[in-house]
Amino acid sequence: MGDLSVNEALALMPLPLVIVTTESRDGRRAGMTAAWVTQVSWKPSYVAVAIYNKWTTLKVILESGEFAINYVSPSLSKVALEVFGSLSSSRVDKFEVASKKYNTRIGYGKSVKVPVLLDAPVIIECRLLKYFEIGDHYLVVCDPVLAYRGGGEEPISFYRGKLHTLSEYRVNQG
C-alpha cells in the first residue's frame with residue numbers, strides 16, 4: 001500500500017455528471033456542466049451543487065432562485081463537455097448552440113421557469129434553499145420540487161478522467 005496525496009485520492013472518487021440549467025427573470029439563459037453534485041438530506045430531501053464563484057450560472061441561480069439538474073447520458077456527453085463545459089454563458093446562448101449543433105431538445109420546467117434538456121435521463125427541478133461560500137466555490141443547496149425521466153438512456157459518471165455508464169461497473173451484490 002502506498003500513500004496518496006489528497007488530490008490523488010479525490011481524483012479516484014466517481015462523480016455524477018450533470019448539466020445545471022437556469023434562467024434569469026429577464027430571460028437570460030445560463031447553464032454549466034457539474035460533477036460536484038449530491039443529495040445532502042433524506043428528510044426533507046435536499047440536493048447540493050458546487051459552483052465556481054465567478055460563473056454566470058451561479059449569478060443567475062442566486063438571482064432567480066430556480067434551476068434544474070439534468071443528468072448526462074452518453075448521447076448528451078458531447079453537449080456536456082463541448083458546450084456547457086467549455087463555452088461561457090456570458091458570451092453565448094449555450095442552449096442555442098446545443099440545439100443547432102447537436103440537435104439537443106430544449107424545453108421548460110414543469111414547476112420552475114428554467115430551461116431543461118428534454119433528452120436527459122433524469123431532470124430534477126429545484127428551488128434555491130441556501131448557499132454557502134466555500135473556498136473558490138459556492139455550495140448551492142436546493143429543494144428538489146419535481147423529478148421526472150426525460151430520455152431512455154442511463155446516466156453517466158466521471159471516473160479516472162473518463163466518462164462511464166453505470167452498467168460498466170455493476171457489482172454482484174450476492
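Predicted model: local features only at pLDDT ≥ 70, side-chain atom pairs only at ≥ 80, totals over all residues.
Residues are numbered from 1 along each chain as its sequence is written, and side-chain values use heavy atoms, without hydrogens or water. Local features need pLDDT of at least 70, side-chain atom pairs count only at pLDDT 80 or more, and totals for chains, interfaces and linings use all residues.

**View A. Cysteine 126 and cysteine 142 form no disulfide.**
A disulfide is a pair of cysteine sulfur atoms within 2.5 Å. The count is zero disulfides. For cysteine 126, the nearest cysteine sulfur is that of cysteine 142, 3.1 Å away. That is too far for a bond.

**View B. Glutamate 66 pairs with arginine 127 in a salt bridge.**
A salt bridge puts a side-chain nitrogen of Lys or Arg within 4 Å of a carboxyl oxygen of Asp or Glu. The count is five salt bridges. Here the closest N and O atoms are 3.6 Å apart. Glutamate 66 lies in strand 6 (residues 66–71) and arginine 127 in strand 9 (residues 122–134), so the pair ties together parts 61 residues apart in sequence. Strands are DSSP runs of E, at least two residues; helices are runs of H or I, at least four; both are numbered from the N terminus. Glutamate 66 is buried, at 17%.

**View C. Lysine 100 meets glutamate 96 in a salt bridge.**
The N to O distance is 3.2 Å. Both residues sit in helix 4 (residues 94–102), four residues apart, or about one helical turn. Lysine 100 is exposed, at 64%.

**View D. Aspartate 119 forms a salt bridge with arginine 105.**
The closest N and O atoms are 2.9 Å apart.

Technical notes:
Buried < 20%, exposed > 50% of the residue type's maximum accessible area, 1.4 Å probe, protein only.
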